[in-house]
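Subject: Structure to look at

Hello,

Here is the structure I promised you. Please open it first, then read my notes below.

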Amino acid sequence: MIGRMRALAVLFAAFGLQAQAAEPFAVFDAASAPVLGNPHDVKLGPDGLLYVSDVDGDRVAVLNPTTLELMHEIGAGELSAPHDVEFDAAGRLLVADTGRSRIAVFDLASGELLGALAGSISRPEGVLAHPNGRIYATGAGSGNIVAYDDGKVVAEEGGLSAPHDLEVDAAGDIWIADAANDRLVKVSPELETLAVIDDPALGLSGPRYLDIDAAGALIVADKYSHRVLKLTPGGALIGVLGGAAGLGPNRFRTPEGVEIDGGTYYLSDSGNDRIVRYLVVTN
(Lines give C-alpha, C1' and ligand atoms only; values in the text may rest on other atoms or scores of the structure.)
Protein backbone atom coordinates (compact mmCIF):
# COMPACT_ATOMS: atom_id res chain seq x y z
CA MET A 1 0.00 0.00 0.00
CA ILE A 2 2.85 2.41 0.87
CA GLY A 3 4.49 1.72 -2.48
CA ARG A 4 1.22 2.41 -4.29
CA MET A 5 0.78 5.71 -2.45
CA ARG A 6 4.32 6.76 -3.34
CA ALA A 7 3.71 5.87 -6.97
CA LEU A 8 0.57 8.00 -6.99
CA ALA A 9 2.46 10.89 -5.42
CA VAL A 10 5.13 10.65 -8.10
CA LEU A 11 2.45 10.60 -10.79
CA PHE A 12 0.77 13.69 -9.38
CA ALA A 13 4.12 15.47 -9.09
CA ALA A 14 4.96 14.66 -12.70
CA PHE A 15 1.89 16.58 -13.80
CA GLY A 16 2.38 19.40 -11.31
CA LEU A 17 -0.59 18.29 -9.19
CA GLN A 18 -1.02 18.08 -5.45
CA ALA A 19 -2.53 14.80 -4.24
CA GLN A 20 -5.51 15.36 -1.99
CA ALA A 21 -6.36 12.83 0.69
CA ALA A 22 -9.55 12.96 2.71
CA GLU A 23 -11.40 10.75 5.15
CA PRO A 24 -14.94 9.43 4.64
CA PHE A 25 -17.49 12.01 5.75
CA ALA A 26 -20.32 9.50 6.38
CA VAL A 27 -20.81 5.83 7.18
CA PHE A 28 -22.98 3.25 5.42
CA ASP A 29 -26.35 2.64 7.07
CA ALA A 30 -28.70 0.80 4.67
CA ALA A 31 -29.43 -0.06 1.05
CA SER A 32 -32.54 -0.76 -0.96
CA ALA A 33 -33.05 -4.01 -2.81
CA PRO A 34 -31.87 -3.79 -6.45
CA VAL A 35 -35.40 -3.15 -7.71
CA LEU A 36 -34.54 -0.02 -9.70
CA GLY A 37 -33.08 0.35 -13.16
CA ASN A 38 -30.17 2.78 -13.34
CA PRO A 39 -31.58 5.23 -10.75
CA HIS A 40 -30.37 8.81 -11.08
CA ASP A 41 -31.31 11.79 -8.94
CA VAL A 42 -33.23 11.42 -5.69
CA LYS A 43 -35.30 13.93 -3.73
CA LEU A 44 -37.34 13.94 -0.53
CA GLY A 45 -40.86 15.09 -1.29
CA PRO A 46 -43.10 17.39 0.76
CA ASP A 47 -44.87 14.23 1.93
CA GLY A 48 -41.62 12.89 3.42
CA LEU A 49 -41.23 10.11 0.84
CA LEU A 50 -38.18 9.54 -1.36
CA TYR A 51 -38.63 10.16 -5.09
CA VAL A 52 -36.15 8.60 -7.52
CA SER A 53 -35.78 9.17 -11.26
CA ASP A 54 -35.67 5.54 -12.40
CA VAL A 55 -34.11 5.92 -15.84
CA ASP A 56 -34.44 2.41 -17.25
CA GLY A 57 -37.87 1.99 -15.64
CA ASP A 58 -39.24 5.12 -17.40
CA ARG A 59 -40.84 6.22 -14.14
CA VAL A 60 -40.35 8.02 -10.86
CA ALA A 61 -40.03 5.39 -8.13
CA VAL A 62 -41.32 6.30 -4.66
CA LEU A 63 -39.48 4.76 -1.71
CA ASN A 64 -40.02 4.68 2.03
CA PRO A 65 -37.03 6.67 3.36
CA THR A 66 -36.83 4.54 6.51
CA THR A 67 -37.00 1.05 5.01
CA LEU A 68 -35.95 2.03 1.45
CA GLU A 69 -38.72 -0.24 0.17
CA LEU A 70 -40.46 0.58 -3.11
CA MET A 71 -43.97 1.87 -2.37
CA HIS A 72 -45.40 3.00 -5.72
CA GLU A 73 -44.49 4.84 -8.91
CA ILE A 74 -45.45 7.95 -10.88
CA GLY A 75 -45.26 8.62 -14.59
CA ALA A 76 -45.19 5.08 -15.98
CA GLY A 77 -46.36 5.35 -19.58
CA GLU A 78 -45.74 9.13 -19.59
CA LEU A 79 -41.98 9.36 -19.06
CA SER A 80 -38.99 8.34 -21.16
CA ALA A 81 -35.64 7.89 -19.38
CA PRO A 82 -36.25 10.52 -16.67
CA HIS A 83 -33.05 11.79 -15.03
CA ASP A 84 -33.97 14.36 -12.37
CA VAL A 85 -36.78 15.07 -9.92
CA GLU A 86 -37.71 18.29 -8.12
CA PHE A 87 -40.64 19.92 -6.29
CA ASP A 88 -41.90 23.44 -6.87
CA ALA A 89 -43.37 25.81 -4.27
CA ALA A 90 -46.86 24.41 -4.93
CA GLY A 91 -45.67 20.88 -4.16
CA ARG A 92 -45.90 19.69 -7.76
CA LEU A 93 -43.44 17.08 -9.00
CA LEU A 94 -41.11 18.30 -11.76
CA VAL A 95 -39.31 15.65 -13.80
CA ALA A 96 -36.51 16.07 -16.32
CA ASP A 97 -38.13 13.85 -18.94
CA THR A 98 -34.94 13.32 -20.89
CA GLY A 99 -36.20 11.08 -23.68
CA ARG A 100 -38.98 13.54 -24.52
CA SER A 101 -36.88 16.72 -24.14
CA ARG A 102 -39.23 18.37 -21.67
CA ILE A 103 -39.82 19.07 -18.00
CA ALA A 104 -42.92 17.11 -17.08
CA VAL A 105 -45.15 18.47 -14.28
CA PHE A 106 -47.21 16.07 -12.16
CA ASP A 107 -49.79 16.47 -9.44
CA LEU A 108 -48.18 14.70 -6.50
CA ALA A 109 -51.39 13.40 -4.90
CA SER A 110 -52.96 11.91 -8.03
CA GLY A 111 -49.88 11.30 -10.15
CA GLU A 112 -51.66 13.05 -13.04
CA LEU A 113 -49.57 14.75 -15.72
CA LEU A 114 -50.51 18.43 -15.58
CA GLY A 115 -48.33 19.79 -18.37
CA ALA A 116 -44.77 20.33 -19.47
CA LEU A 117 -42.08 22.94 -20.08
CA ALA A 118 -40.20 22.72 -23.35
CA GLY A 119 -38.24 24.88 -25.75
CA SER A 120 -34.53 25.69 -26.05
CA ILE A 121 -33.41 22.44 -24.41
CA SER A 122 -32.57 19.00 -25.75
CA ARG A 123 -32.45 15.96 -23.47
CA PRO A 124 -32.74 17.80 -20.15
CA GLU A 125 -31.03 16.03 -17.25
CA GLY A 126 -31.44 18.61 -14.50
CA VAL A 127 -34.33 20.69 -13.16
CA LEU A 128 -34.46 23.25 -10.34
CA ALA A 129 -37.38 25.15 -8.78
CA HIS A 130 -35.65 28.34 -7.63
CA PRO A 131 -36.95 30.46 -4.71
CA ASN A 132 -37.30 33.34 -7.20
CA GLY A 133 -40.20 31.44 -8.81
CA ARG A 134 -38.34 30.47 -11.98
CA ILE A 135 -37.74 26.93 -13.15
CA TYR A 136 -34.22 26.22 -14.42
CA ALA A 137 -33.27 23.24 -16.56
CA THR A 138 -30.06 21.91 -18.09
CA GLY A 139 -30.01 20.50 -21.61
CA ALA A 140 -27.52 17.65 -21.78
CA GLY A 141 -28.11 17.40 -25.51
CA SER A 142 -28.03 21.16 -26.13
CA GLY A 143 -25.19 22.05 -23.73
CA ASN A 144 -27.07 24.85 -22.02
CA ILE A 145 -29.04 26.07 -19.03
CA VAL A 146 -32.47 27.64 -19.52
CA ALA A 147 -34.70 29.65 -17.18
CA TYR A 148 -38.50 29.48 -17.47
CA ASP A 149 -40.88 32.03 -16.01
CA ASP A 150 -44.61 31.38 -16.29
CA GLY A 151 -43.86 28.64 -18.81
CA LYS A 152 -41.78 30.83 -21.12
CA VAL A 153 -38.02 30.87 -21.74
CA VAL A 154 -36.69 34.12 -20.21
CA ALA A 155 -32.93 33.40 -20.10
CA GLU A 156 -30.49 30.98 -21.65
CA GLU A 157 -26.73 30.39 -21.51
CA GLY A 158 -24.60 27.88 -23.43
CA GLY A 159 -20.97 26.82 -23.21
CA LEU A 160 -21.68 23.69 -21.15
CA SER A 161 -21.13 20.06 -22.13
CA ALA A 162 -23.72 17.46 -21.10
CA PRO A 163 -24.73 19.48 -17.99
CA HIS A 164 -26.67 17.54 -15.39
CA ASP A 165 -27.83 18.64 -11.95
CA LEU A 166 -28.30 22.18 -10.70
CA GLU A 167 -28.86 23.20 -7.08
CA VAL A 168 -29.37 26.57 -5.39
CA ASP A 169 -27.18 27.76 -2.52
CA ALA A 170 -28.10 29.97 0.43
CA ALA A 171 -27.29 33.13 -1.56
CA GLY A 172 -29.61 32.12 -4.40
CA ASP A 173 -26.80 31.26 -6.81
CA ILE A 174 -26.92 28.04 -8.82
CA TRP A 175 -24.33 25.26 -8.94
CA ILE A 176 -24.25 23.18 -12.13
CA ALA A 177 -22.61 19.78 -12.62
CA ASP A 178 -21.00 20.36 -16.03
CA ALA A 179 -20.47 16.66 -16.53
CA ALA A 180 -18.56 16.25 -19.79
CA ASN A 181 -16.29 19.18 -18.90
CA ASP A 182 -15.44 17.48 -15.56
CA ARG A 183 -16.20 20.58 -13.54
CA LEU A 184 -18.71 22.41 -11.37
CA VAL A 185 -19.91 25.87 -12.37
CA LYS A 186 -21.68 28.47 -10.22
CA VAL A 187 -23.93 30.97 -11.96
CA SER A 188 -26.19 33.78 -10.80
CA PRO A 189 -29.97 33.59 -11.26
CA GLU A 190 -29.35 35.70 -14.39
CA LEU A 191 -26.94 32.92 -15.57
CA GLU A 192 -23.75 34.94 -15.22
CA THR A 193 -20.77 32.68 -14.41
CA LEU A 194 -19.49 33.37 -10.88
CA ALA A 195 -17.10 30.49 -10.11
CA VAL A 196 -15.70 27.28 -11.54
CA ILE A 197 -14.32 24.22 -9.74
CA ASP A 198 -12.07 22.28 -12.09
CA ASP A 199 -8.82 21.71 -10.18
CA PRO A 200 -7.12 18.67 -11.83
CA ALA A 201 -5.97 17.52 -8.40
CA LEU A 202 -9.59 16.71 -7.54
CA GLY A 203 -9.72 14.20 -10.37
CA LEU A 204 -13.32 15.00 -11.27
CA SER A 205 -14.60 12.49 -13.81
CA GLY A 206 -18.16 13.03 -14.98
CA PRO A 207 -19.76 14.78 -11.97
CA ARG A 208 -23.50 14.20 -12.24
CA TYR A 209 -25.77 15.26 -9.36
CA LEU A 210 -25.14 17.18 -6.17
CA ASP A 211 -26.68 18.70 -3.08
CA ILE A 212 -25.61 21.45 -0.68
CA ASP A 213 -25.54 20.91 3.07
CA ALA A 214 -26.46 23.39 5.81
CA ALA A 215 -22.86 24.61 6.06
CA GLY A 216 -22.67 25.27 2.31
CA ALA A 217 -20.52 22.25 1.42
CA LEU A 218 -21.13 20.60 -1.95
CA ILE A 219 -21.83 16.85 -1.96
CA VAL A 220 -21.10 15.64 -5.49
CA ALA A 221 -21.60 12.25 -7.14
CA ASP A 222 -18.52 11.84 -9.36
CA LYS A 223 -19.71 9.09 -11.67
CA TYR A 224 -16.66 7.64 -13.37
CA SER A 225 -14.37 7.78 -10.33
CA HIS A 226 -17.06 5.85 -8.40
CA ARG A 227 -16.86 8.44 -5.61
CA VAL A 228 -19.04 10.90 -3.72
CA LEU A 229 -17.08 14.02 -2.78
CA LYS A 230 -17.57 16.68 -0.12
CA LEU A 231 -16.15 20.02 -1.25
CA THR A 232 -16.04 23.56 0.05
CA PRO A 233 -17.62 26.17 -2.26
CA GLY A 234 -14.04 27.16 -3.08
CA GLY A 235 -13.25 23.66 -4.33
CA ALA A 236 -11.23 22.27 -1.41
CA LEU A 237 -11.73 18.57 -0.72
CA ILE A 238 -13.24 17.88 2.71
CA GLY A 239 -14.14 14.19 2.49
CA VAL A 240 -14.78 11.32 0.12
CA LEU A 241 -16.84 8.14 -0.06
CA GLY A 242 -15.93 5.26 -2.36
CA GLY A 243 -13.21 5.38 -4.98
CA ALA A 244 -13.33 1.88 -6.42
CA ALA A 245 -16.20 0.29 -8.30
CA GLY A 246 -17.89 -2.37 -6.24
CA LEU A 247 -20.85 -3.42 -4.11
CA GLY A 248 -20.90 -2.92 -0.37
CA PRO A 249 -20.20 -0.30 2.30
CA ASN A 250 -18.15 2.62 0.94
CA ARG A 251 -18.35 1.16 -2.57
CA PHE A 252 -20.33 2.48 -5.53
CA ARG A 253 -20.66 1.71 -9.18
CA THR A 254 -21.20 4.90 -11.22
CA PRO A 255 -23.07 6.88 -8.51
CA GLU A 256 -25.48 9.59 -9.65
CA GLY A 257 -28.05 11.08 -7.26
CA VAL A 258 -27.53 12.93 -3.97
CA GLU A 259 -30.06 14.10 -1.37
CA ILE A 260 -29.21 15.47 2.07
CA ASP A 261 -31.62 15.40 5.01
CA GLY A 262 -29.77 16.83 8.01
CA GLY A 263 -27.14 14.22 8.86
CA THR A 264 -28.54 11.65 6.43
CA TYR A 265 -27.36 11.20 2.85
CA TYR A 266 -29.41 9.33 0.25
CA LEU A 267 -27.29 8.33 -2.74
CA SER A 268 -28.11 6.61 -6.02
CA ASP A 269 -25.71 3.71 -6.47
CA SER A 270 -26.79 3.65 -10.08
CA GLY A 271 -24.64 0.88 -11.51
CA ASN A 272 -25.84 -1.39 -8.71
CA ASP A 273 -29.53 -0.43 -9.29
CA ARG A 274 -30.14 0.68 -5.72
CA ILE A 275 -30.42 3.59 -3.30
CA VAL A 276 -28.07 3.67 -0.32
CA ARG A 277 -28.29 5.63 2.90
CA TYR A 278 -25.26 7.02 4.75
CA LEU A 279 -25.11 8.82 8.10
CA VAL A 280 -22.87 11.75 8.92
CA VAL A 281 -19.69 11.03 10.85
CA THR A 282 -19.80 12.57 14.32
CA ASN A 283 -17.00 12.84 16.88
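A polar contact is a pair of N or O atoms within 3.5 Å. Within protein, one atom must be able to donate a hydrogen and the other to accept it. Keep that in mind for what follows. Note also that this is a predicted model.

Start with Asp213. Where does Asp213 lie? Find the loop between β18 (207–212) and β19 (218–222); Asp213 is there. Is Asp213 buried or exposed? Its relative accessible area is 14%. Buried means under 20%, so Asp213 is buried.

Now follow its side chain. The side chain of Asp213 reaches the backbone nitrogen of Ala215 at 3.0 Å. The backbone nitrogen of Ala217 is reached as well, at 2.8 Å. Then look further along the chain. Setting aside neighbours within four places in sequence, Asp213 is in contact with Lys230 and Ile260.

Next, go to the second largest pocket. It holds about 290 Å³ of space. How many residues line the second largest pocket? The lining has 20 residues. Nearest the centre lie Asp88, Arg92, Leu94, Gly133 and Ile135. Two elements, β9 (113–117) and β12 (144–149), each give two or more residues to this lining. The largest share is from β9, with four residues.

Last, check the classes. Eleven of the lining residues are nonpolar, four are polar and five are charged.

Then move on to the pocket.

Best wishes

Terms used: Residues are numbered from 1 along each chain as its sequence is written. This is a predicted model: local features need pLDDT of at least 70, side-chain atom pairs count only at pLDDT 80 or more; totals for chains, interfaces and linings use all residues. Side-chain values use heavy atoms; hydrogens and water are left out. Buried means under 20% relative accessible area, exposed over 50%, partly exposed in between (1.4 Å probe, protein chains only). Contact means heavy atoms within 4.5 Å. On a 1 Å grid over the protein atoms alone, a cavity is a set of points where a 1.4 Å probe fits but cannot get out, and a pocket is an open set with protein on both sides within 12 Å along at least five of seven lines; lining residues have an atom within 4 Å of a point. Grid points are joined across faces, edges and corners, and a volume is the space filled by probe spheres set on the points. Ala, Val, Leu, Ile, Met, Phe, Trp, Tyr, Cys and Pro count as nonpolar, Asp, Glu, Lys and Arg as charged, and the others, Gly among them, as polar.
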